[in-house]
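Visitor: Please take a close look at the aromatic rings of this protein. I would like to follow how they pair and which parts of the chain they bring together.

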Amino acid sequence: MGNARLTGSRIRARRLAAGLKQADLARAVGISPAYLNLIEHNRRRIAGKLLHDLARELQLDPAQLSEGAEDALVAVLRGAAAQAVEAAAELTHVEDFAGRYPGWAGLAGEQARRIEVLERQVEALADRLAHDPHLATSLHEVLSAVTAIRSTAAILAGPDEIDPKWQARFLRGMREESRRLSSSAEGLVAWLDSGGEMAERPLSPIDELGAFIARAGYHFPELETPQAGEAEISALIEAAEEFDDPDSGEFARRMLSRYLAEARAMPQSAFTASRAHRDDPAHLAASFGVGIGAVLRRMASLGGGEAGLVACDSSGTLTLRKPIDGFSLPRFGAACPFWPLFQALTRPGQPISALVEMPGRLPRRFLCRAVSLPLAGQGFDTPQVYEATMLIEPAPEDASGPVIEAGSACRVCPREHCIARREPSVLGAAAKAS
């Protein structure tokens with residue numbers, strides 16, 4: 001429901017837009033200009049006949065005056081103010097601001113949304129710059145060439161006489177290193193100039209698999225039919241544009257084979273009907289005779305954009321990512337240790353459910369359900385390897401219980417005083433404001 005306190009502001013804005021004088025509008029509805037002035041400044045509430053008369057003169061539906069459309073904008077402005085406490089925004093007047101100056105309020109809201117988008121880009125670029133092997137290799141080549149040139153120059157500039165043959169050899173080596181330095185520097189500049197590609201281009205087989213899963217939303221209709229088999233899996237891999245590394249196809253085949261087996265064990269129609277009856281992964285696992293991890297993956301594959309998924313091995317390395325809006329999944333490096341995903345590794349076989357709040361201009365809460373189970377096919381004499389799987393869904397409005405304040409990764413997390421912080425955040429002032 002809209003905010004009725006802003007009815008007067010809407011009347012004033014519509015009157016000014018229509019070019020009506022306050023006295024003329026007051027006369028048309030049978031009230032004094034002074035009383036209309038009080039209404040327009042939200043000092044008198046109106047309803048009933050007077051509201052309908054004003055709406056008629058302004059050629060509006062009464063609901064447009066009494067309800068308006070500022071609630072979403074007010075929420076955005078409140079969120080922006082919460083992330084910029086040093087600005088000391090007057091929160092008690094935010095509703096009046098949105099009603100009186102909807103254009104300026106809309107501009108401020110749009111700027112807040114733009115800042116949030118840019119912060120996400122900073123997260124991706126910082127993650128990339130910290131872990132991109134191409135960048136590391138290029139910098140190593142540049143530094144090696146510089147070191148070689150400096151060492152040779154120091155020898156040539158030294159006080160000792162150098163045999164002409166050795167001098168020529170040193171000069172030749174310096175020339176070759178200079179060429180290598182120039183080539184490495186040009187390649188590095190070209191890579192940095194790639195702009196947005198730097199945050200999007202997959203870098204490893206696991207990264208390519210992640211891009212493949214993200215594009216498909218971890219849902220493959222070709223594998224949902226009863227007759228689906230290896231031919232459909234091969235067709236999906238051959239058609240994928242993400243796979244440059246030969247190993248990527250093998251990783252994808254293993255993932256899709258498991259997807260196919262779980263689709264056969266939990267057909268879409270039967271699984272959807274069972275989940276509608278009881279949305280409990282443990283109960284669903286018992287009903288279909290599968291593990292809880294398989295149920296979490298199935299819930300993610302059929303959950304569309306409202307369900308995210310992440311998995312890791314015993315080392316904590318992320319091996320599968322299905323992103324969900326508001327819950328950032330790092331592509332490189334370590335994720336937040338507060339995720340239930342990692343808590344599950346410490347309690348194998350025990351399902352964990354928790355409310356997790358992710359930071360942002362408008363912090364969002366998610367219901368995360370995780371479990372850690374041993375990988376199949378392990379022998380008696382081999383170390384046991386576990387895989388943890390976590391389903392991520394927006395928290396229901398009536399969700400209650402303790403809330404875990406988590407993040408994505410330390411490098412891009414604004415929670416400054418976190419006991420688990422491993423490195424400083426690149427968000428700078430944003431971290432201090434949270």
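Guide: A residue is called buried here if its relative accessible area is under 20%, exposed if over 50% and partly exposed in between (1.4 Å probe, protein chains only). The model is predicted, with local features needing pLDDT of at least 70 and side-chain atom pairs pLDDT 80 or more, while totals for chains, interfaces and linings use all residues. Residues are numbered from 1 along each chain as its sequence is written, and side-chain values use heavy atoms, without hydrogens or water.

Nine aromatic pairs are counted, where rings of Phe, Tyr and Trp (its six-membered ring) pair if their centres lie within 6.5 Å, with planes under 30 degrees apart stacked, over 60 edge-to-face and the rest tilted. Among them is the edge-to-face pair of Tyr218 and Tyr259, at 5.6 Å centre to centre and with 90° between the planes. Tyr218 sits in the loop between α12 and α13 (230-239), whereas Tyr259 belongs to helix α14, so that this pair links distant parts of the chain, 41 residues apart; helices (H or I, at least four residues) and strands (E, at least two) are DSSP runs, numbered from the N terminus. Both Tyr218 and Tyr259 are buried, and together with Phe212, Phe220 and Phe243 they form one aromatic cluster.

Phe327 and Phe366 also pair edge-to-face, because their ring centres are 5.4 Å apart and their planes stand at 85°. Since Phe327 lies in the loop between β2 and α18 (340-345) and Phe366 in strand β4 (residues 364-374), the pair ties together parts 39 residues apart in sequence. Phe327 is buried, with a relative accessible area of 1%, and Phe366 is likewise buried, at 0%.
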